[in-house]
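Biologist: Please put the structure up, and then we can go through it one question at a time.

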Amino acid sequence: SMPRLLNEKLEIGLETSYKRHSQEDFYGLGLDSKLENRANFKYKSPEVQGRVMVTPLPWLNAGVRLGWQSVTIGPGTDDRFPTVPDRFFDDIAPGLREQPDFSYTDLFTTLDTRDQPGNARQGSYLGVLWRRHNDLDLDRFSFDQVDIDAQQFLPIFDKKRVLALRVQLWATSTEA
């Protein structure tokens, strides 16, 4: 990350990660999922992303992120339960047998007037993120995501007590 460009008003960064979870649980989709359908799977996902963020005012930033993510789902290693490919088929859980690589684009902004971001006693925070995931291989699993996080911190008397209010919204929409 290069966070101090243009008098700390511009940040450019590159980030990579690798996630590997060998015993994730899956019960099926939706309200009809049942405890007795428990199966396990392995989740692997390398990811690379680049970002550019501008901070025109100390309490305001906005930016864009571009990334690539490869998700692989396979048989889990928990011998107590069957694996997902043994229990579920694509008609019940689409995307579990074939996983595409994704590219994604984020647009984000935050307004932050908190006095101490890690231990706020007063102020406000608003974060908004829109992300477009593009299925690079199968052209079936592209989707949009919106995340909104609003927080308000109200000091009571001498800031030793604080009333913290928070509202979050996460929404996902798919193509037909």
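Modeller: Before any counting, a rule is needed: rings of Phe, Tyr and Trp (its six-membered ring) pair if their centres lie within 6.5 Å, and planes over 60 degrees apart count as edge-to-face. Keep in mind that this is a predicted model.

Biologist: How many aromatic pairs does the count come to by this rule?

Modeller: A pair of aromatic rings is described by the distance of the centres and the angle of the planes. Applied to this model, the rule gives a count of 2 aromatic pairs.

Biologist: What kind of aromatic pair do F26 and F88 form?

Modeller: The ring centres of F26 and F88 are 4.9 Å apart, with 80 degrees between the planes. The pair links distant parts of the chain, since F26 is in strand β2 and F88 is in the loop between α1 and β6, 62 residues apart. F26 counts as buried at 14% relative accessibility, and F88 counts as buried at 6%. Planes over 60 degrees apart get one name, and for F26 and F88 that name is edge-to-face.

Biologist: How many residues apart in sequence are the parts that F102 and F143 tie together?

Modeller: F102 and F143 form an edge-to-face pair, 6.1 Å centre to centre and with 75 degrees between the planes. F102 lies in strand β6 and F143 in strand β8, so the parts tied together by this pair are separated in sequence by 41 residues.

Biologist: Is Q151 buried or exposed?

Modeller: Q151 is in strand β8, which covers residues 143–156. Its side chain makes a polar contact with the side chain of D149 at 3.1 Å, and Q151 also touches residues beyond four places away in sequence, including R114, Y125 and L165. The relative accessible area of Q151 is 12%. Buried means under 20%, so Q151 is buried.

Biologist: Over the face of which residue does R65 lie?

Modeller: R65 sits in strand β4 and is buried, with a relative accessible area of 18%. The distance from R65 to the ring centre is 4.5 Å, and the ring belongs to F108.

Biologist: What is the N to O distance in the salt bridge between R65 and D106?

Modeller: Side chains of opposite charge can pair when their charged atoms come close. The side chains of R65 and D106 meet in a salt bridge. This pair links strand β4 to strand β6 across 41 residues, and D106 counts as buried at 0% relative accessibility. From N to O, the R65 and D106 bridge spans 2.7 Å.

Biologist: R80 forms a salt bridge with D78; at what relative accessibility does D78 count as buried?

Modeller: The closest N and O atoms of R80 and D78 are 2.8 Å apart. R80 counts as exposed at 63% relative accessibility. D78 falls under the 20% limit for buried, with a value of 9%.

Biologist: How many salt bridges does a search of the whole structure find?

Modeller: One of them joins the side chains of R4 and E8 at 3.6 Å, N to O. R4 is exposed at 62%, and E8 is exposed at 52%. For the whole structure, the search finds 11.

Biologist: Over how many bridges do β3 and β4 pair?

Modeller: A hairpin of 2 residues joins β3 to β4. The two strands pair in the antiparallel sense, and Q49 stands opposite G67 in β4. The number of bridges between β3 and β4 is 9.

How values were computed: Residues are numbered from 1 along each chain as its sequence is written. This is a predicted model: local features need pLDDT of at least 70, side-chain atom pairs count only at pLDDT 80 or more; totals for chains, interfaces and linings use all residues. Side-chain values use heavy atoms; hydrogens and water are left out. Helices (H or I, at least four residues) and strands (E, at least two) are DSSP runs, numbered from the N terminus. Buried means under 20% relative accessible area, exposed over 50%, partly exposed in between (1.4 Å probe, protein chains only). A polar contact is a pair of N or O atoms within 3.5 Å; within protein, one must be able to donate a hydrogen and the other to accept it, and residues adjacent in sequence count only if both atoms are side-chain atoms. Contact means heavy atoms within 4.5 Å. Rings of Phe, Tyr and Trp (its six-membered ring) pair if their centres lie within 6.5 Å; planes under 30 degrees apart count as stacked, over 60 as edge-to-face and the rest as tilted. A charge sits over a ring if NZ of Lys or CZ of Arg is within 6 Å of the ring centre and within 35 degrees of the ring normal. Two strands pair if DSSP finds at least two bridges between them. A salt bridge is a side-chain nitrogen of Lys or Arg within 4 Å of a carboxyl oxygen of Asp or Glu.
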